[in-house]
Amino acid sequence: MSGRKRRNYYNNGSNQKKRKHFYLEPGMIGFLCTCNFHEKDCVRDAYKLLNEFADEIYGPDTTKDCDNDSTKVSIAEQEDSVDETEKNEQDDISTALNKEISDLKAEYAKPVNTRRFQVVDTGVKNVVFIRSTLTNPLELVTKIITELHKTKEQHSRFLLRLLPIEMVCKANMNDIKLKANVILEKYFAQEPKTFGIVFNRHSNNNIHRDEVIEDLAEIINKKNPGNKTDLKNPELAVIVEVIRGVCLISVAPNYYKYRKYNLLEICNMKEPVKDLKKTDTGNNEEENSPVEETEKEDTNLSKETSDN
C-alpha cells in the first residue's frame, strides 16, 4: 500500500511540473483577445499579428542569448545559396523556416518578464489575454486597426476582437475607481471629449453594470465639465471588462467606427457610396446600431458568464 501511495504522489508531482501557467493578475497591461472556441489558434494569430506590427513600429525584439546561433545559421545558408545557384528557391524556403524557428526559440528563451508578448490564463473560455512589456498598447492596436481598415487585408482567422488594456486591477469598486481615475486623467482632463462607457462581465456577479457606469461617468465629468456622453458615436469609449476577480480598463478611440475593434468585421466593412441616395430610415438604423449591439452584447456576456 505504501508503495502505491508513493507512486501516485510522485506521478502527481511530475505532472504538475510539465506545464507552467501564467495567470491574469492586477498590474498587468497588454491585449484582450476574443475567439470562438479555437483558443490556441487565436493565440497564434495574436502573436503573429502583434509581432508583425510591433516590429514595424519599434523594431525587431531580439535576444542576446540566441542571436549568435541564428546569425551563424543564416550566414551558412547564404554561403550555400551562392555556391548552389540552382537551389535558390529551396534555400529561400529553408531560410524562412529556419528564421521562424529561430525567432520562436529566441522568444521562449527569454525570461517571462522580458518577453514582449506572453499569453496568460484568464480562466474564461474564448477570452485570451496577452501580457506585454509595451508601455502603450493603444499605439500598437491603433496601428493595426487603421491598417486593416485601409487595406481590408485579413491578417487573422481565429482572433476576433483585439482591445488594448492599460490597467488590470482587483474587481472591487474602490480599486476600479482609483485606477480608472489615473487612466482617465490623460484622456479627459484637457480638451472636451464625447464618451461612452461599455461594461462586460465574465464569471463575476459582484460588480454591477450601473454602478460602474455611474461612478466612471462622474469621474470623467469632473475631469472636464465639457465632456459629454454620446452613446451612438463617442470619440472615446471606456471599456470595462470584469473577468472573475480582476477588472480590465481600456480607452478605445472610434470604437464603433472600427466595429468594436473586431478585426474580421473591419476587413469586411464596405465604404459608403456617396453617389447613392440614402433614405432617412437607412441612416437612422445605421446610427442606432451601436447602441443596440452594445445591449445585445451585454446580455450575451451575462449568459456566457453563467455558463462559465
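A crossing of two helices is called right-handed if the near helix is turned clockwise from the far one, and left-handed if the near helix is turned anticlockwise from the far one by less than a right angle. In the predicted model described here, helix 6 passes helix 7 in a right-handed crossing. The contact draws on Met-173, Lys-177, Ala-180, Asn-181, Leu-184, Glu-185 and Phe-188 of helix 6, and these meet Glu-211, Val-212, Asp-215, Leu-216, Ile-219, Ile-220 and Lys-223 of helix 7.

Turning to the strands, strand 2 (residues 117-120) and strand 3 (residues 127-132) run antiparallel and are joined by four bridges. Within this pairing, Val-120 of strand 2 stands opposite Phe-129 in strand 3. The two strands form a hairpin with six residues between them, and Gly-123 in the turn has a positive phi of about 80°.

Four aromatic pairs are found in the structure. In one of them, the ring centres of Tyr-255 and Tyr-256 lie 5.2 Å apart with the planes at 65°; because an angle over 60 degrees counts as edge-to-face, this pair is edge-to-face. Both Tyr-255 and Tyr-256 are buried. Tyr-255 also pairs with Tyr-261, with centres 5.9 Å apart and planes at 45°, so this pair is tilted. Tyr-261 is likewise buried. Through these ring pairs, Tyr-255, Tyr-256 and Tyr-261 are linked into a cluster.

Technical notes. Residues are numbered from 1 along each chain as its sequence is written. This is a predicted model: local features need pLDDT of at least 70, side-chain atom pairs count only at pLDDT 80 or more; totals for chains, interfaces and linings use all residues. Side-chain values use heavy atoms; hydrogens and water are left out. Contact means heavy atoms within 4.5 Å. Two strands pair if DSSP finds at least two bridges between them. Rings of Phe, Tyr and Trp (its six-membered ring) pair if their centres lie within 6.5 Å; planes under 30 degrees apart count as stacked, over 60 as edge-to-face and the rest as tilted. Buried means under 20% relative accessible area, exposed over 50%, partly exposed in between (1.4 Å probe, protein chains only).
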